[in-house]
Amino acid sequence: MSTRIDRKVVCDALHNAIITRGKPEGVMVHSDQGSQYASKDYRALITQYKLTQIMSRRVNCWDNAVAESLFATLKKQAILWCTFFNQARGATAYI
């Protein structure tokens, strides 16, 4: 977790996902066009692990519609009443 979204956060997250899943090859990694996803470090990880990077088109909200729908469903059903910790205060929050 971080208070900022930067290339280190997304590189760490991608690296952890790759290692956790046994270094799969040929997987598509979808993101928006944020600078952290276009960074040299992030793209080097994509190349190193033989992944395919796909990005949503500029100014086209429909590219992320399926992912946003999935996350909305997860928030409403799968993680309802789960406890999460707040990084800044160490307190819990209920969703």
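**Note on the pocket and salt bridges**

1. Helix 1 is the main contributor to the lining of the largest pocket, giving five residues. This is a predicted model. The pocket in question has a volume of about 290 Å³. Its lining counts 14 residues, and L14, A17, I18, V27 and V29 are the closest to the centre. Two elements give two or more residues to this lining: helix 1 and strand 1 (28–31).

2. The lining of the largest pocket can also be sorted by class. Nonpolar residues number 12. The lining also has one polar and one charged residue.

3. Now the salt bridges. The count comes to two. One of them pairs R7 with D41, with the closest N and O atoms 2.6 Å apart. R7 belongs to helix 1 (residues 7–20) and D41 to helix 2 (residues 40–48), so this pair ties together parts 34 residues apart in sequence.

4. Accessibility for D12 and K8 falls into two classes. D12 has 35% relative accessibility and counts as partly exposed. K8 has 54%, and the cut-off for exposed is over 50%, so K8 counts as exposed.

Technical notes. Residues numbered from 1 in each chain as written. Predicted model: local features only at pLDDT ≥ 70, side-chain atom pairs only at ≥ 80, totals over all residues. Heavy atoms only, no water. Salt bridge = Lys/Arg side-chain N within 4 Å of Asp/Glu carboxyl O. Helix = DSSP H or I, 4+ residues; strand = E, 2+ residues; numbered from the N terminus. Buried < 20%, exposed > 50% of the residue type's maximum accessible area, 1.4 Å probe, protein only. 1 Å grid on protein atoms, 1.4 Å probe; cavity = no way out; pocket = protein on both sides within 12 Å on 5 of 7 lines; lining within 4 Å. Points joined across faces, edges and corners; volume = space filled by probe spheres on them. Nonpolar A, V, L, I, M, F, W, Y, C, P; charged D, E, K, R; others polar.
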